[in-house]
Amino acid sequence: MKTRNKLVTINGLNIFYREAGNQNKETILLLHGFPSSSHMYRDIIESLSDTYHLIAPDYPGFGLSSAPAISEFEYTFDNVTQIMNQFIDALNLKSVHLLMQDYGGPIGFRIANERPELIKGLIIQNANAYVEGLGEWAQKIGGFVHNKDMEGLTAFKNHLMSLEGLKEQYLGGTEDPLKVDPVSYLTDLAFLDRPEARAIQTEMFNNYGSNFPQYKTWQNYFKTHQPKTLVVWGENDKFFSKAGGEAYSKDLNNIETYFFNGGHFLLEEYTTEVAEKIKQFIK
């Protein structure tokens with residue numbers, strides 16, 4: 001089914017979202033990562049739209065949603081989560097499977113912990129909730145912070161938001177780089193080249209440390225509520241290593257885990273395979 005491109009106003013902000021499928025089917029809420037947008041889910045939405053109801057929003061400051069200046073909006077994971085909670089209520093979503101990648105993890109896990117009754121299942125793609133999964137790049141960032149090397153941290157952050165850095169995130173660890181559509185990283189770059197965009201991303205990037213103290217809370221949520229969970233993971237991800245995907249099995253009983261010879265943006269290469277795993281999981 002063709003994707004509809006929509007807007008809803010939340011607290012004076014226009015939140016853009018992609019919607020596809022039949023509202024009477026199971027709903028999947030897709031939460032994107034850094035520094036991307038709902039655009040990263042375009043292919044999986046198309047693959048699943050005949051079977052499910054899919055909704056993929058852009059966070060404030062990302063993609064096609066409103067991007068107020070950092071002086072006008074607090075770009076933190078807590079605050080973005082609250083906007084997403086209001087988005088869920090505005091769309092009257094009562095039961096969802098959460099599909100989360102990268103930044104989508106900390107936002108989605110906050111939602112799940114606050115609203116366990118909303119969650120029908122978790123689909124986790126390279127999004128961390130355990131320290132075991134901190135990969136090469138995450139450790140590098142941690143080293144800059146630990147050593148108070150702000151110059152090194154800024155340089156690395158700026159690299160990640162450059163064309164070469166974006167290509168490295170999308171192409172790094174892939175089995176076949178030719179399967180990655182250049183439109184993906186060029187779209188991210190176009191959004192980053194807008195006024196204030198890099199300042200906004202820097203605010204979110206600098207706030208990422210607020211997620212680590214939440215790990216125990218999220219792990220307690222897993223242990224207590226035992227949500228049905230599917231883990232699909234690019235095992236060559238430099239942000240979140242294979243150990244991060246394996247760690248969920250420590251606390252979750254009803255879990256399926258699949259590793260792919262891919263990178264951080266796994267769905268660029270393995271849309272068909274992941275879509276089939278999702279169908280089997282929800283079925």
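In strand 8, Tyr 258 is the bridge partner of Val 232; helices (H or I, at least four residues) and strands (E, at least two) are DSSP runs, numbered from the N terminus. The model is predicted: local features need pLDDT of at least 70 and side-chain atom pairs count only at pLDDT 80 or more, whereas totals for chains, interfaces and linings use all residues. Residues are numbered from 1 along each chain as its sequence is written, and side-chain values use heavy atoms, with hydrogens and water left out.

These two strands belong to an open sheet of eight strands with mixed pairing, in the order 1-2-4-3-5-6-7-8. Strand 1 (4-10) and strand 8 (255-260) stand at the edges with a single partner strand each, so one side of each has no neighbour in the sheet. On average, neighbouring strands of this sheet are turned by 20° against each other, direction ignored. Helix 11 (residues 267-282) packs on the sheet and touches strand 3 (27-31), strand 5 (96-101), strand 6 (119-125), strand 7 and strand 8; contact means heavy atoms within 4.5 Å. The direction of helix 11 makes about 165° with that of strand 7. Axes are lines fitted to C-alpha atoms, for helices over the stretch in contact, and angles run from 0 to 180 degrees between N-to-C directions.

A further packing arrangement joins helix 4 and helix 5 (residues 150-160), at an angle of about 150° and with axes 8 Å apart. The contact includes Trp 137, Ile 141 and Phe 144 of helix 4, and Leu 153 and Phe 156 of helix 5.

Helix 4 also gives the most to the lining of the largest pocket, with five residues. This pocket has a volume of about 370 Å³, a volume being the space filled by probe spheres set on grid points joined across faces, edges and corners. On a 1 Å grid over the protein atoms alone, a pocket is an open set of points where a 1.4 Å probe fits, with protein on both sides within 12 Å along at least five of seven lines; lining residues have an atom within 4 Å of a point. Of the 18 lining residues, the closest to the centre of the largest pocket are Ala 138, Ile 141, Phe 205, Tyr 208 and Phe 212.

Methods: Two strands pair if DSSP finds at least two bridges between them.
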